[in-house]
Amino acid sequence: MEQSDQKEPRGYCSGATVIEIEQDPTLVKDHILWSIFSFHYLNCCCLGFIALWYSIKSRDQKHAKNLTLAREFGLTAKRLNIVTTVLTIITYVIVIAIYAATIITMISQLKQRN
């Protein structure tokens, strides 16, 4: 019996193996809880509702494995939530300042009468 060493010639490359790694969908933030909070408590100019809508669209795209659109919708929801939160805080500060100024004015008028 003849034994022949069948070696691959030098410079020969075997077929390359390609491993496709999917992106992790948990890395896409949809900010759904923040949007629900903004919609329920901070719905300034209906921005909380719009943020909730974009969060739901982001979650839908994430489940459909379209992570690019999911990121875009999530980023839009985040921005709308930030705007809603800031506007609501400014509104609360203005209302508290007006309320405090009214109370101070009433107290000073009561002191002047006595």
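At a relative accessibility of 34%, Phe39 counts as partly exposed, a class that lies between buried (under 20% relative accessible area) and exposed (over 50%), as judged with a 1.4 Å probe on protein chains only. The structure is a predicted model, in which local features need pLDDT of at least 70 and side-chain atom pairs count only at pLDDT 80 or more, while totals for chains, interfaces and linings use all residues. Residues are numbered from 1 along each chain as its sequence is written, and side-chain values use heavy atoms, with hydrogens and water left out.

A pair of aromatic rings is described by the distance of the centres and the angle of the planes. Rings of Phe, Tyr and Trp (its six-membered ring) are taken to pair if their centres lie within 6.5 Å, and planes under 30 degrees apart count as stacked, over 60 as edge-to-face and the rest as tilted. A search of the whole structure finds four aromatic pairs. In one of them, the ring centres of Phe39 and Phe49 are 5.8 Å apart and the planes stand at 50°, so the pair is tilted. Because Phe39 lies in helix α1 and Phe49 in helix α2 (residues 47-63), this pair ties together parts that are ten residues apart in sequence; helices are DSSP runs (H or I, at least four residues) numbered from the N terminus. Phe49, at 45% relative accessibility, counts as partly exposed.

Tyr54 and Phe73 form a tilted aromatic pair, with 5.9 Å from centre to centre and 45° between the planes. Distant parts of the chain are linked by this pair, since Tyr54 belongs to helix α2 and Phe73, 19 residues apart from it, to helix α3 (residues 67-113). Phe73 is buried, its relative accessible area being 14%. Ring pairs also join Trp53, Tyr54 and Phe73 into a cluster.

Within helix α1 (residues 32-41) lies Ser35, which counts as buried at 0% relative accessibility. Residues up to four places away in sequence aside, Ser35 touches Gly48, Ala51, Leu52, Ser55, Ala77 and Asn81, where contact means heavy atoms within 4.5 Å. The contact between α1 and α3 is made by Trp34, Ser35, Ser38 and Tyr41 of α1, together with Ala77, Lys78, Asn81, Ile82, Thr84, Thr85 and Tyr92 of α3. These residues divide into five nonpolar, five polar and one charged, with Ala, Val, Leu, Ile, Met, Phe, Trp, Tyr, Cys and Pro counted as nonpolar, Asp, Glu, Lys and Arg as charged, and the others, Gly among them, as polar.

Terms used: Helix = DSSP H or I, 4+ residues; strand = E, 2+ residues; numbered from the N terminus.
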